[in-house]
Amino acid sequence: MKKTIFITGTSSGLGKLTAIAFAKLGWNVAATMRTPEKETELTQYDNIKLFKLDVTDVAQVKSAVEQAIAAFGRIDVVVNNAGMGSYGALELAKEDTIDWQFAVNVRGPINVIRAFLPHYRENNGGKFINISSYMGVTSAVPLGSLYNMSKFALEGLTEGLYYELKPFNIGLHLIEQGGSKGNNFIDSIVWNTSEEIKAYDGIIAKLKSLMESAKDDESLVDDPQTIVNAIKALATGESTQFRTLVGDSAKGLMAMRNSMPIEEYLEKIAANYN
Ligand SMILES: NC(=O)c1ccc[n+]([C@@H]2O[C@H](COP(=O)([O-])OP(=O)(O)OC[C@H]3O[C@@H](n4cnc5c(N)ncnc54)[C@H](OP(=O)(O)O)[C@@H]3O)[C@@H](O)[C@H]2O)c1
């Protein structure tokens, strides 16, 4: 029987590439996104079906999951990919932005996982692949505390759930990637800045310019296909790793992080922004 994968956030970047890769592999793909009416690329594949899904909307998550199960009969793998970043000074963040960062990157996967659990228990199995980041394990830049918080929380959620879902043969996996090419992540960042408070202007400007130049610098960002390959390996069972650190940028940073005490690491990163 054909396998089926359900993916959130397939309108761009990694989500879209993953949907296409699994369609080419011959899987059924439930590709979910906030605005399926705008999609023109994924609609070219017979084995991809689009479903409207904003991960922060519990009712819409339940409805999309029900529709996907009705369409394909059985879902084997769920990829919690939808995610966005808020950067800038915590002091300057709007209350809504703080809640939104948690809502998309943490509450979103919680909503999707909860909606799938009855189906997975009934099937006596299934997999969740949660798209985290090296920012889920360590910090890499200043002004990323909210995004760091969200991915650390996703890591904690995934690791904590392992025990309660193991008896049902439900697998949990984390992908920890670094920066990659061909996505909207940097352009979609919600920046926490202020017209009135100028104290953070210098460091915000430095980070913005660093991110802008890094996004097209092949030595700093990875080929997203390596991340898609890691997802494929987990989905097909070729890999059973709980955490997959993927891409040269993530591996380089983690090697540095692991080579020194946290105090030294924090100072080393901070020194780049003095
Ligand atoms: N790019 C990086 O450097 C990087 C590094 C480490 C980890 N990651 C993680 O990788 C994942 C994929 O990001 P990407 O790099 O492919 O960036 P991307 O191109 O910006 O993709 C993000 C996707 O999430 C969707 N999304 C945002 N809010 C949503 C919501 N409320 N409900 C449903 N979908 C929503 C976006 O859809 P819309 O089109 O509707 O906005 C888009 O499809 C994210 O979890 C991100 O945190 C990225």
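User: Where is the place of G9?

Analyst: This is a predicted model: local features need pLDDT of at least 70, side-chain atom pairs count only at pLDDT 80 or more, and totals for chains, interfaces and linings use all residues. Residues are numbered from 1 along each chain as its sequence is written, and side-chain values use heavy atoms, with hydrogens and water left out. Elements are DSSP runs numbered from the N terminus: helices (H or I, at least four residues) and strands (E, at least two). G9 falls in the loop between strand 1 and helix 1.

User: What is the relative accessibility of G9?

Analyst: Buried means under 20% relative accessible area, exposed over 50%, and partly exposed in between (1.4 Å probe, protein chains only). G9 counts as partly exposed, because its relative accessibility is 23%.

User: How far apart in space are G9 and D76, C-alpha to C-alpha?

Analyst: In sequence, G9 and D76 are 67 residues apart. In space, C-alpha to C-alpha, G9 and D76 are apart by 18 Å.

User: Which residues of the largest nonpolar core touch the most other members?

Analyst: A nonpolar core is a set of buried Ala, Val, Leu, Ile, Met, Phe, Trp, Tyr and Cys residues joined through side-chain atoms within 4.5 Å. In soluble globular proteins, nonpolar side chains tend to be buried together. The largest core here has 26 residues. Those touching the most other members are I5, V29, V79, I129, I175 and I231.

User: What is V29 in contact with, leaving aside its neighbours within four places in sequence?

Analyst: Contact means heavy atoms within 4.5 Å. Leaving those neighbours aside, V29 is in contact with I5, I7, A19, F22, A23, N47, I48, K49 and F72.

User: What is the relative accessibility of K49?

Analyst: K49 is found in strand 3 (residues 48-52). Not counting residues up to four places away in sequence, K49 touches V29, A30, A31, A71 and F72. K49 counts as partly exposed, because its relative accessibility is 38%.

User: Which residues come nearest to the ligand?

Analyst: A residue is near a molecule or strand if one of its heavy atoms lies within 4 Å of it. There are 27 residues around the ligand. Those that come nearest are S11, S12, R34, N81 and Y147.

User: How many residues of the shell around the ligand are charged?

Analyst: Ala, Val, Leu, Ile, Met, Phe, Trp, Tyr, Cys and Pro count as nonpolar, Asp, Glu, Lys and Arg as charged, and the others, Gly among them, as polar. The shell has nine nonpolar and 15 polar residues. Its charged residues number three.

User: How far from an oxygen atom of the ligand is the polar backbone atom of N81?

Analyst: A polar contact is a pair of N or O atoms within 3.5 Å; within protein, one must be able to donate a hydrogen and the other to accept it, and residues adjacent in sequence count only if both atoms are side-chain atoms. A side-chain N or O atom of D54 is 2.9 Å from a nitrogen atom of the ligand. For Q177, a polar side-chain atom lies 2.9 Å from a ligand oxygen atom. For the backbone atom of N81, the distance to a ligand oxygen atom is 2.7 Å.

User: What share of the ligand's exposed area does the protein bury?

Analyst: Accessible areas come from the Shrake-Rupley method with a 1.4 Å probe; for residues, only the protein chains shown count as cover. Taken alone, the ligand exposes 900 Å². The protein buries 91%.

User: Is Q177 buried or exposed?

Analyst: Q177 lies in strand 7. Its relative accessible area is 12%, so Q177 is buried.

User: What is phi of L143 near?

Analyst: Most residues other than glycine have a negative phi. L143 lies in the loop between strand 6 and helix 4 (145-165). L143 has a positive phi, near 70°.
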